[in-house]
Amino acid sequence: MTRLSQSLITEMRRGYLTLAVLSQLSSPQYGYSLVQRLESSGIVIDQSTLYPLLRRLEKQTLVTSTWNTTESRPRKYYVLSTYGEKVFKELKEEWKKTTSELNNLLQGEEEYESH
């Protein structure tokens, strides 16, 4: 893979990671549980990427966080806010529309190349 391809993939991935993270926060999750849930779906995310993203989402009031100190190790749980639920639904619909359009374009490209 070329460096340019890798750079473009990283840029593309940055866009859908927000949607992927929001999709997992309808119930409270702490960082490690979120990483595991995403990885079980094939989406790998470093903690060095996840925590700044969660802080940004919290600053944008899309998620709220609370500390759970009842266990031996305190954990910060994140969950979608009401506003975050609304924005997530909008992003999800846009994602479906965009991927459908891109699939049509790419399928047309493949058919063109086969002739």
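The structure is a predicted model, and a UniProt record, an unreviewed entry, lists residues 19-89 as "domain: Transcription regulator PadR N-terminal". Within the model, the span of residues 19-89 is 51% helix and 20% strand, and its end C-alpha atoms lie 10 Å apart.

**The sheet and its strands**

- The sheet is open and is formed by 3 strands in the order 1-3-2, with antiparallel pairing.
- Strand 1 (29-30) and strand 2 (63-68) are the edge strands, each of which pairs on one side only.
- Strand 2 is joined by 6 bridges to strand 3 (residues 75-80), and these two strands run antiparallel; along this pairing T64 stands opposite V79, while W67 stands opposite K76.

**Aromatic rings and a nearby charge**

- Searching the whole structure gives 2 aromatic pairs, and one of them is formed by Y30 and Y77, whose arrangement is edge-to-face, with 5.4 Å from centre to centre and 75 degrees between the planes.
- Because Y30 belongs to strand 1 and Y77 to strand 3, the pair ties together parts that are 47 residues apart in sequence.
- Y30 and Y77 are both buried.
- The ring of Y30 also has the charged end of R75 sitting over it, at 4.1 Å from the ring centre.

**From strand 3 into helix 4**

- S81 is placed in the loop between strand 3 and helix 4, the latter covering residues 82-114.
- The relative accessibility of S81 is 12%, and S81 therefore counts as buried, since the cut-off for that class is under 20%.
- Once its neighbours within four places in sequence are left aside, S81 is in contact with T61, L62, V63 and T64.
- T82 is found in helix 4, and with a relative accessibility of 65% T82 counts as exposed, the cut-off for this class being over 50%.
- The C-alpha atom of T82 is separated by 19 Å from that of L34, although these residues are 48 residues apart along the chain.

**T61, a contact of S81**

- T61, which is one of the residues in contact with S81, lies in the loop between helix 3 and strand 2.
- The backbone of T61 has a positive phi of about 60 degrees, even though T61 is not a glycine.
- At 46% relative accessibility T61 counts as partly exposed, because this value falls between the cut-offs of 20% for buried and 50% for exposed.

Note on methods:
Residues are numbered from 1 along each chain as its sequence is written. This is a predicted model: local features need pLDDT of at least 70, side-chain atom pairs count only at pLDDT 80 or more; totals for chains, interfaces and linings use all residues. Side-chain values use heavy atoms; hydrogens and water are left out. UniProt positions are given in the numbering used here, feature names are shortened, and annotations may be inferred rather than shown by experiment. Helices (H or I, at least four residues) and strands (E, at least two) are DSSP runs, numbered from the N terminus. Two strands pair if DSSP finds at least two bridges between them. Rings of Phe, Tyr and Trp (its six-membered ring) pair if their centres lie within 6.5 Å; planes under 30 degrees apart count as stacked, over 60 as edge-to-face and the rest as tilted. Buried means under 20% relative accessible area, exposed over 50%, partly exposed in between (1.4 Å probe, protein chains only). A charge sits over a ring if NZ of Lys or CZ of Arg is within 6 Å of the ring centre and within 35 degrees of the ring normal. Contact means heavy atoms within 4.5 Å.
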